[in-house]
Amino acid sequence: MDHNKIIHGEPDKPGAAFAAFEQQFAAFDPLQVTAEQTITPGDVVVERLRVAGRHSGSHPRMLEPTGKSFDVKQVWIFTVQDDKITEIRAVSDRLGMFLQLGWDWPTGD
């Protein structure tokens, strides 16, 4: 279960988050994800990340690449059971990302 949709409209089904990650990798090249801190209390993994990239491909929020770069912070929380990710929660500086890329802030759908 992905509690924080990576792509707007992402379905609630197993594996949907991974398909959304693939879209992100296709839209941002280069894309650099740097783990700045990892905390692993029990069945939870918390990652504090720095994510930077350039909008070079089509993205559901912005089909035409802007060629602009972004550099933001994110915190991801994964619940793990039987060596599988069962839940994903995340906090990301989306406003900072949108402003750096020159994207319009979504008004809701």
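1. The expected span of a helix is taken as 1.5 Å times one less than its number of residues. In this predicted model, helix H1 (residues 16-27) has 12 residues and should therefore span 16 Å; its end C-alpha atoms lie 17 Å apart, which agrees.

2. On the overall architecture, the chain contains two helices and four strands, arranged α-β-β-β-β-α from the N terminus. Of its 109 residues, 30% count as buried. Among contacts with a separation of 6 or more, 46% are between residues 24 or more positions apart. The accessible surface of the chain is about 7,000 Å², and 54% of this belongs to carbon and sulfur atoms.

3. Helix H1 has a buried side made up of Ala16, Ala17, Ala20, Gln24 and Ala27. Viewed down the helix axis, these buried residues fall within an arc of 95°, so they line one face of H1. An α-helix has 3.6 residues a turn, so residues three or four places apart point the same way. The face turned away from the buried side of H1 carries the exposed residues Glu22 and Ala26. The cover over the buried residues of H1 includes strand S1 (28-39), strand S2 (44-55) and strand S4 (84-92).

4. Which residues is Phe28 in contact with, leaving aside its neighbours within four places in sequence? They are Arg54, His55, Ser56, His59, Phe70, Met97, Leu101 and Trp103.

5. The count of salt bridges comes to four. One of them joins Arg48 to Glu36, with the closest N and O atoms 2.9 Å apart. This pair links distant parts of the chain, since Arg48 is in strand S2 and Glu36 in strand S1, 12 residues apart. Arg48 is partly exposed, at 34% relative accessible area, and Glu36 is also partly exposed, at 32%.

6. A salt bridge also forms between the side chains of Arg50 and Asp71 (2.4 Å, N to O). Arg50 lies in strand S2 and Asp71 in strand S3, so the pair ties together parts that are 21 residues apart in sequence. Arg50 is partly exposed, with a relative accessible area of 37%; Asp71 counts as partly exposed at 32%.

7. The side chains of Arg89 and Glu87 meet in a salt bridge at 3.4 Å, N to O.

Conventions. Residues numbered from 1 in each chain as written. Predicted model: local features only at pLDDT ≥ 70, side-chain atom pairs only at ≥ 80, totals over all residues. Heavy atoms only, no water. Buried < 20%, exposed > 50% of the residue type's maximum accessible area, 1.4 Å probe, protein only. Arc of directions from axis to C-beta. Contact = heavy atoms within 4.5 Å. Areas by Shrake-Rupley, 256 points an atom, 1.4 Å probe, with all protein chains shown as cover.
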